[in-house]
Amino acid sequence: MPENILKTGNEHFEIIEKTTVIESSWPTHDQAVEDLTQDHFIVRDGKEYAGTHLIIDLWGAKRLDELELMEDTLREAVTKAGATLLHIHLHHFTPNGGISGVAVLAESHISVHSWPERDFAAFDVFMCGDAQPEKAIAVLEAAFTPSHVVVDTLLRGDVNSAATEDAA
């Protein structure tokens, strides 16, 4: 397989990055050269972790069967959160009109599963780096006008938790 070799650095150090050229049929996202050595883990409030994963349940929600609205809402949520959209794939189910899909991000993903017959939608919003996934909540609320919202927050890849478990 062919390789790409990237050399960066300054007078004090040199970074040599070797990558295998991926089959052209697979989508890729090129990171900026300055990002190649960063893992984009977050340090906030004294904790270090990979990213924030929001589990969002919308109850009493409307318009959950509208594909165009769902796509527009996912795009706006990505923008408001400061993330980078790579691809959106949505699937419409019949006869109830439910939608399942995902917005694939450079920072991770937003997924959706909707049950319009129950006025319920389940969203997962997972983002790493400088993205702010909590800003997606207001976008979802504005689009689908739920009567009740439940949000659970997980810190994925919590370095502090891993260190505590390793010590035990």
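Two strands pair if DSSP finds at least two bridges between them. Helices (H or I, at least four residues) and strands (E, at least two) are DSSP runs, numbered from the N terminus. This is a predicted model, in which local features need pLDDT of at least 70, side-chain atom pairs count only at pLDDT 80 or more, and totals for chains, interfaces and linings use all residues. Residues are numbered from 1 along each chain as its sequence is written, and side-chain values use heavy atoms, with hydrogens and water left out.

**Overall layout**

- The protein chain holds 3 helices and 10 strands.
- Read from the N terminus, the order of elements is β-β-β-β-β-α-β-β-β-β-α-β-α.
- The protein chain has 168 residues, and 32% of them count as buried. Buried means under 20% relative accessible area, exposed means over 50%, and partly exposed lies in between (1.4 Å probe, protein chains only).
- Take the contacts between residues at least 6 apart in sequence: 56% of them join residues at least 24 apart. Contact means heavy atoms within 4.5 Å.

**The sheet**

- An open sheet is formed by 6 strands, in the order S6-S7-S8-S9-S5-S10. The pairing is antiparallel.
- Strand S6 (85-92) and strand S10 (148-156) are the edge strands, and each pairs on one side only.
- From one strand to the next, the twist averages 10 degrees. Angles run from 0 to 180 degrees between N-to-C directions, and axes are lines fitted to C-alpha atoms, for helices over the stretch in contact.
- H1 packs on the sheet and touches S6, strand S7 (99-105), S8 and S9. The direction of H1 makes about 155 degrees with that of S6.
- H2 also packs on the sheet, touching S5, S9 and S10. The direction of H2 makes about 20 degrees with that of S5.

**Strand S9 and its partners**

- Strand S5 (residues 51-59) runs antiparallel to S9, joined by 9 bridges. Here His53 stands opposite Phe126 in S9.
- Strand S8 (residues 108-115) also runs antiparallel to S9, with 8 bridges joining the two.
- Opposite Ala121 in S9 stands Ser114. Opposite Phe120 in S9 stands Trp115.
- The hairpin of S8 and S9 has 4 residues between the strands. In this hairpin, Asp119 takes a positive phi near 55 degrees.

**The H1-H2 helix pair**

- Helix H1 (residues 67-81) packs against helix H2 (residues 135-144) at an angle of about 155 degrees. Their axes are 8 Å apart.
- H1 and H2 are therefore roughly antiparallel to each other. The classes are: under 35 degrees roughly parallel, over 145 roughly antiparallel, 65 to 115 roughly perpendicular, and the rest oblique.
- The crossing of H1 past H2 is right-handed. A crossing is right-handed if the near helix is turned clockwise from the far one by less than a right angle, and left-handed if anticlockwise.
- On the H1 side, the contact uses Leu69, Met70, Thr73, Glu76, Ala77, Lys80 and Ala81. On the H2 side, it uses Lys135, Ala136, Val139, Leu140, Ala143 and Phe144.
- By class, this contact of H1 with H2 has 9 nonpolar, 1 polar and 3 charged residues. Ala, Val, Leu, Ile, Met, Phe, Trp, Tyr, Cys and Pro count as nonpolar, Asp, Glu, Lys and Arg as charged, and the others, Gly among them, as polar.

**Lys62 and its surroundings**

- Lys62 sits in the loop between S5 and H1. With 41% relative accessibility, Lys62 counts as partly exposed.
- Leaving out residues up to four places away in sequence, Lys62 touches Asp119, Phe144 and Thr145.
- Lys62 and Pro146 are 84 residues apart in sequence, yet 6.8 Å apart in space, C-alpha to C-alpha.
- Thr145 lies in the loop between H2 and S10. Thr145 is partly exposed, at a relative accessible area of 48%.

**Backbone points to check in the viewer**

- Thr145 has phi near 35 degrees, a positive value in a residue other than glycine.
- Ser108, in strand S8, has phi near 145 degrees, which is also positive in a residue other than glycine.
- Thr94 and Pro95 are joined by a cis peptide bond, with omega about 5 degrees. Pro95 is in the loop between S6 and S7.
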